[in-house]
Structures are given as structure tokens and as C-alpha cells.
Amino acid sequence: MFDKLIGNDRVKEVFKRLIKSQRVPASLLFVGEDGVGKKQFAFELAKSFLCQNLQNVESCGDCHPCKRSLKFNFPKSDDRDAHKQVIFSEHSDLGLVIPYSRNILVDAIRDLEKEANYRPYEAKARFFIIEDADKMNDAASNALLKTLEEPPPTSYIFLITSRPDSLLQTIRSRCQVVRFAPVRTEKIGEHLLSTKKFSPNDAELLSKLSRGSIGRALETDLQTFRTGRESMLKVLDSLFFREDRATLLQVAEEMSDAKFKDEFETRLEILQMIIHDVWSLHLGKSKENLVNSDIYSDLEKFAQNSESKRLSKWINEIETLRENLNINLNRKIATDALFMQMASF
């Protein structure tokens, strides 16, 4: 049921027309940012072929095939052998290929090739969804090419990626591309409120933090975010008003503590986001344009004491450190250097 999916109404209409005209391409490449719903759209398109009680070309969601199609028994993340195969749902005509560690194994693609040549067991066609398709290495990509070049008449292959340029051009050329746009902020907010799990204030903040990704909105831990934001506000308070380098070094030490290892880059991102909000206010933009509008009074205080050149330099320094995180650097020394450099501007 496409209407239950959030955003990308244009894609919904395209899919409905393709289903109605029975012209769904054998190979589709779903492209868009993480968390915008690409996999859910792929599943829904597949269900339109599996459903026994179609409602105006859409799956009903209630029949036995519909319910079985989305029930997967996923292997443990360290079970390499299990990732060498297509992972089927409880419906034998819907399979998924997922990465093992950071790569899609060539054995899984070879298993897909074998399974794609079998006729459907109970539906009109078989469907194979390759998640994070950009994680195929050259061997896996070349194995997939064989199937894409001569697709079986009763099998469909959907590739999902947020990094299409990482795929071989020969693979991209053999798939029809479906592009997904970020979901509008207000749509995400409405969805969060409809779940009745979020207060209006929390739903508004999460929708702004999501950057158009419903998945990111649902996965964000607001308590962790607010703790990190409070720490970054200390940094800005020290930079703007107190010139307290001891506090800057204390925050840098806290960020580099092992217990905050997974939050290090997130806190840098939060700091960059707050500075961007301050810059927006400094340039005269309204409260509604701010991500962190719930701390408007703090942002306004900073904006009144800021200048564009300084804010620009700060953002550039943070961005440089974030880009260098792939290098094996000492995070404590790097953060000390960042904060001292920011204090010198």
C-alpha cells in the first residue's frame, strides 16, 4: 500500500502506472539518501505481484502472502556462511541480499543468479532486493552483470543504494533508475506525531534533525542528542563570551573519552549545526528556519555577538577535521587543536 509510505508521491504514481500497464522493468536501481524509504518502496512494489487481493493495483497488506512477505529471519552479523545466500522471507518468491561486514559476498550474488532462474513457487514472479548495492566488490558486480544482461522472464532485481557512483557503470546502464527525494520536514513531523510516541516539541526537533530521512528521525536518540548539544553549547559559550580555554580542553577530553567513542563525530556535527543556526540568525533568517529552534534564546545571544567571517572559519575547521576522521589520528590532540584554532579567530 503505497499510500502508507511517507513522501515521494511522484514515485508512487510512477509505480502505480507501471503496475497497471504491466511494464515494471526487470532491473530497477533505487537511488536516494539513507532512510528516505527506498527499501520500503521496493518491498511494496514486489508485494503488488505477491498479493492475492489487489486493491486498485496495490497490495492489500492483509492477505497471507502480504503478511509473510515481510517476515525475515536474518542471520547473525558474524555468520559469514549465512550471508553467502539469498535471505528469503517467509514468502519463497521474495529474497534479500545484504552485506556481510562491509561487503556483499560474491557467493550471495551467485546464489541470486541461481535462484532467479527458478520459476516462481506461488506468485506471478520472483523478486530479489540487493541492499546497499554499492558494497559489491568487482567480483560480485561482474557476477551480477551476467544476470542483468540476460534477465529471467519471471524474476525482478531491485538494487538499493545511496551511493550510485560507486556502482559499475555497466550495472547502472542495465537498470532503470528511480530517484528518491528527501521527505519534507512537515511530512516527517506529521508521521512522528501519528505514532503517538513523540511530543509535538520532540517531533518537530526530530523532523528538523532528519534532513529529509524518515529513518534518521526514527533512529535518533533525543536524550543523547540533547546531552551532546549541551556539551557543544559550552564550547560556544567559552568561545563567544568567556574565552575559557580550560573549558574547551575539558570538553575535548570528554569527547575523546572511550565511553563517547561512538558519539565523537555526532558531536562535531552538532557543533557545526549550531554554528550554522547562529549564522542564519546573524543573517536575519527567522526562527522557523533553524534546526535548533527549541534553544532560540541561546542562539540569538550568540548571533548578536558573532560575525560571518569568524563563523565561516569555524565551520571550515570542523569540516576539515570531519573529513580527516578516516585517517588514524589522535582524536584528543585533533580536538584540542580544533578548539584552540577556533579560539584564535
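Trainee: At roughly what angle do the axes of helix α14 and helix α15 cross?

Mentor: Please keep in mind that this is a predicted model. The axes of α14 (residues 308-323) and α15 (residues 331-344) cross at roughly 170° and come within 10 Å. Angles over 145 degrees count as roughly antiparallel, and α14 and α15 are therefore roughly antiparallel to each other.

Trainee: Which residues make the contact?

Mentor: Helix α14 contributes W314, E317, I318 and L321, while α15 contributes A334, L338, Q341 and M342. Sorted by class, this contact has 6 nonpolar, 1 polar and 1 charged residues.

Trainee: And α4 with α5, are they roughly parallel or antiparallel?

Mentor: Helix α4 (residues 106-116) packs against helix α5 (residues 138-149) at an angle of about 10°, and their axes are 8 Å apart. The two helices are therefore roughly parallel to each other.

Trainee: What makes up that contact?

Mentor: From α4 come V106, I109, R110, E113 and A116; from α5 come A139, A140, A143, L144, K146 and T147. By class, the contact of α4 with α5 has 7 nonpolar, 1 polar and 3 charged residues.

Trainee: Changing topic: what is the volume of the largest pocket?

Mentor: The volume of the largest pocket is about 1,100 Å³. Its lining has 37 residues, and the closest to the pocket centre are G35, S213, G215, R216 and E219.

Trainee: Which elements give two or more residues to that lining?

Mentor: They are α2 (38-50), β5 (155-161), α9 (214-219), α10 (222-242) and α12 (264-282). The lining residues divide into 14 charged, 12 polar and 11 nonpolar.

Trainee: How many aromatic pairs are there in the whole structure?

Mentor: A search finds 18 aromatic pairs. One of them is F49 with Y156: the ring centres are 5.2 Å apart and the planes lie at 45°, so the pair is tilted.

Trainee: Where in the chain do F49 and Y156 sit?

Mentor: F49 is in helix α2 and Y156 is in strand β5.

Definitions and conventions. Residues are numbered from 1 along each chain as its sequence is written. This is a predicted model: local features need pLDDT of at least 70, side-chain atom pairs count only at pLDDT 80 or more; totals for chains, interfaces and linings use all residues. Side-chain values use heavy atoms; hydrogens and water are left out. On a 1 Å grid over the protein atoms alone, a cavity is a set of points where a 1.4 Å probe fits but cannot get out, and a pocket is an open set with protein on both sides within 12 Å along at least five of seven lines; lining residues have an atom within 4 Å of a point. Grid points are joined across faces, edges and corners, and a volume is the space filled by probe spheres set on the points. Helices (H or I, at least four residues) and strands (E, at least two) are DSSP runs, numbered from the N terminus. Ala, Val, Leu, Ile, Met, Phe, Trp, Tyr, Cys and Pro count as nonpolar, Asp, Glu, Lys and Arg as charged, and the others, Gly among them, as polar. Axes are lines fitted to C-alpha atoms, for helices over the stretch in contact, and angles run from 0 to 180 degrees between N-to-C directions. Angles under 35 degrees count as roughly parallel, over 145 as roughly antiparallel, 65 to 115 as roughly perpendicular and the rest as oblique. Contact means heavy atoms within 4.5 Å. Rings of Phe, Tyr and Trp (its six-membered ring) pair if their centres lie within 6.5 Å; planes under 30 degrees apart count as stacked, over 60 as edge-to-face and the rest as tilted.
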